[in-house]
Every structure is written in structure tokens, then in C-alpha cells.
There are 2 protein chains.
Amino acid sequence: MYDEETDDTALDLAFTALADPVRRRIVARLSRGSATVTELAEPFEISTQAISKHIRVLEHAGLVTRTRDAQRRPVHLNPARLEMLTSWIDRYRLVKEQQFRDLDAVLAREAADHHHSAEQHHRGA
Amino acid sequence: MYDEETDDTALDLAFTALADPVRRRIVARLSRGSATVTELAEPFEISTQAISKHIRVLEHAGLVTRTRDAQRRPVHLNPARLEMLTSWIDRYRLVKEQQFRDLDAVLAREAADHHHSAEQHHRGA
DNA sequence: TCTTTATTCAACCGGATGGTTGATAAACCG
DNA sequence: CGGTTTATCAACCATCCGGTTGAATAAAGA
């Protein structure tokens, strides 16, 4: 879905959003079901305004959406956006892990460490 | 490997490290093979000092390691650390995606939107 | 040894970030 | 209507972050 030319600022916003422990706990909580701002704020010792800001960061990153129920604004997790992150990470993780299994790559890495330059030994992989 | 009680600051560091487009490009480059600081700096228009700082952030996050070859310090990607991130994300993504497939969860979510409280309808999932 | 190359250290700067408090808006409840 | 609940807006503040320039370290090469 998000393959090839993944929007850079979208990744910025999403990784930045998950770089904060409070926001990660919010995501964890939302994975078990939607919740309102005050519900989400309850386990924390910071103000609801601060939580509201955190939710805005998550929303701006597309990781959560909000609906409306009277004066409440329930927050819902968007798993598709999480999938965007795993697909980005896996793209490079898997390439590298394949290299570990590839003897040629191991030799190229040793060459980078013990000889002059790392350079492109086998870019045809 | 990193299941259960994943160290919070480790996740902080790793997500923060990937929240920067320059650092993500460095990771992408390193997935194709190790490289030195000046090699990594080349495609960018910023100073090598800035790149050096970026690498330190990645190293501190455990995403890369460094060896020594004379006055060069080749940088290597650590795929295991990337795997830590995907496993964290997937933990919550998959729970939520399961809810989408679960009719009971859909009903619970509607109840959260149209009635009084989101609350715990089916925490036994 | 003197010079060049590779990299880091140190100080600095502007802008973003995460928290605060106080005020405001909107919808429900009596 | 008046009051309570839910949430955001606004201003403020300290710290962090990503970049800069200039100096220092370390090893290689002449």
C-alpha cells in the first residue's frame, strides 16, 4: 500500500509521534479499544491539556482518528498507519539480514574494515 | 527476543533516531553495505560534523555499530535493533486489526461513539 | 617531520517540543 | 436558565535538537 516513494514527511510525523513514551502508551491503550481524552489522561500525572496535545500529534501523524459523541471526542487507532512504519523498517532490515546470510556480503564487510574503503563491492544484490 | 517489558528508553532512542529524514537515508544506505562517515556525508549538503552527530544518535540507539580501520570508523547497520521496532509496532497493530475483523469489537466501538462511555466492553480479548 | 585526511569536540544559535496555568467553547443535566 | 463536564485555545517557559563554525585529535603519506 505504501510501497515505493513513501512520503517522507509522513514518516517523519509517524516516527516522531512514537518517539514519546506517553504517546506510545496511548497507542497501546487504544489498541484495546477507543477512548476519550479524559479516559486516556487518567493513568498519567500530567494535565489533560498535555494529553490533548499528544493526541493532536498522533492525529496529525495519521496514527489515530477522532469522531464525535456529544461533547466527547473519542480517539481511534489507525492500524494502517502503523503498517506503513513496519513496511519501511522491514524494507531495510530484511535487505541487511539477507546480507548476513550472504557469504559475499560478509567478505565485503571485512574488506571495508581491514582495507581502504567500504565502497560498493556488490551493489547487484 | 525483545518481547515483554521492552525497555522504554531503548524505544525512545530508536524511534527518535528514525524520526529524522537524514538518519533514515543513512539507514537505507547502510542496508546496502557499511560505509564511513565521509562516504555517508557525501550525498548530503550538510557538514560532516552534522553527519557525525546523526551517526552518534543512531549508534546511541543501537541501530548501528562502528569498527575501526586506521583513521576511518566504518558504520554498520544492526538489523536486530530494527526488529525491536517492528515487533513493538506489530504488537499493537495486530491487536487492533483483529478487532476490525471481530464483529463484537465493531459493536463495542459503535457503543463508544453513540453512548455514554467507551469503557471496557470485551477486555477478555 | 610536516602535511593531508578522517573524524570528533566545543561553543553557539534558532526553532521545535513538552510541560505548565488560565481562559474559552460546546454540549449535556438539573 | 445556570452549572457541570469535556476538551481546546493561548501564552509562557525550559529544555532539546539540528545545524553552523572553529579547533583538536589521530593516523597515513610525503
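The questions and answers below go through how the labels used for this predicted model follow from its computed values.

Residues are numbered from 1 along each chain as its sequence is written, while chains are lettered from A and ligands numbered from 1 in the order in which they are written. As this is a predicted model, local features need pLDDT of at least 70 and side-chain atom pairs count only at pLDDT 80 or more, whereas totals for chains, interfaces and linings use all residues.

Q: What makes up the secondary structure of chain A, and which pattern does chain A follow along the sequence?
A: Helices (H or I, at least four residues) and strands (E, at least two) are DSSP runs, numbered from the N terminus. On that basis chain A comes to 6 helices and 2 strands, and the pattern along its sequence reads α-α-α-α-β-β-α-α.

Q: Why are the buried residues of α1(A) said to line one face of the helix?
A: A residue is buried if 20 or more other C-beta atoms lie within 10 Å of its own, exposed if 12 or fewer, and partly exposed in between, with C-beta atoms placed from the backbone. In α1(A), residues 8–18, the buried ones are L11(A), A14(A), F15(A), A17(A) and L18(A). Seen down the helix axis, these buried residues fall within an arc of 155° (the arc of the directions from the helix axis to the C-beta atoms), so they line one face of α1(A). The face turned away from that buried side carries the exposed residues D8(A) and T9(A). For chain A as a whole, buried residues make up 30% of the 125 residues.

Q: Why is D69(A) called partly exposed?
A: D69(A) has 16 C-beta neighbours inside 10 Å, so it counts as partly exposed. D69(A) is found in the loop between β1 (64–66) and β2 (75–77) of chain A. In sequence D69(A) and T36(A) are 33 residues apart, and their C-alpha atoms are 9.6 Å apart in space.

Q: What makes R72(A) count as partly exposed?
A: With 19 C-beta neighbours inside 10 Å, R72(A) counts as partly exposed. R72(A) also has its place in the loop between β1 and β2 of chain A.

Q: How do you know that the length of α4(B) agrees with its number of residues?
A: The expected span of a helix is 1.5 Å times one less than its number of residues. For the 13 residues of α4(B) that should be 18 Å, and the end C-alpha atoms are 18 Å apart, which agrees. After α4(B) comes G62(B), whose phi is positive, near 80°.

Q: Why are the buried residues of α4(B) said to line one face?
A: The buried residues of α4(B) are I51(B), H54(B), I55(B) and L58(B). Seen down the axis of α4(B), they fall within an arc of 100°, so they line one face of the helix. Their packing partners are α1, α2, α3 (37–41), β1 (64–66) and β2 (75–77) of chain B.

Q: Which residues come nearest to DNA strand D?
A: A residue is near a molecule or strand if its C-beta atom, placed from the backbone, lies within 6 Å of it. There are 21 residues around DNA strand D, and T36(A), T38(A), S52(A), S47(B) and A70(B) come nearest. The largest share of this surface, 5 residues, comes from α4(B).

Q: Which residues come nearest to DNA strand C?
A: Of the 21 residues around DNA strand C, S47(A), A70(A), T36(B), T38(B) and S52(B) come nearest. At least two residues of that surface are supplied by each of α4 of chain A and α3 and α4 of chain B.

Q: How do you know that chains A and B are related by a two-fold axis?
A: Copies are superposed by least squares on the C-alpha atoms of residues with pLDDT of at least 70 in both. A rotation of 180° with 0.0 Å of shift along its axis superposes chain B on chain A, with an RMSD of 0.0 Å. That is the relation of a two-fold axis.

Q: Why do the copies meet through the same surface?
A: Two residues are in contact if their C-beta atoms, placed from the backbone, lie within 7 Å. Of the interface residues of chain B, 100% are also interface residues in chain A, so the copies meet through the same surface. The contact takes 41 residues from chain B and 43 residues from chain A. On the side of chain B that touches chain A, α5(B) gives the most, with 12 residues.
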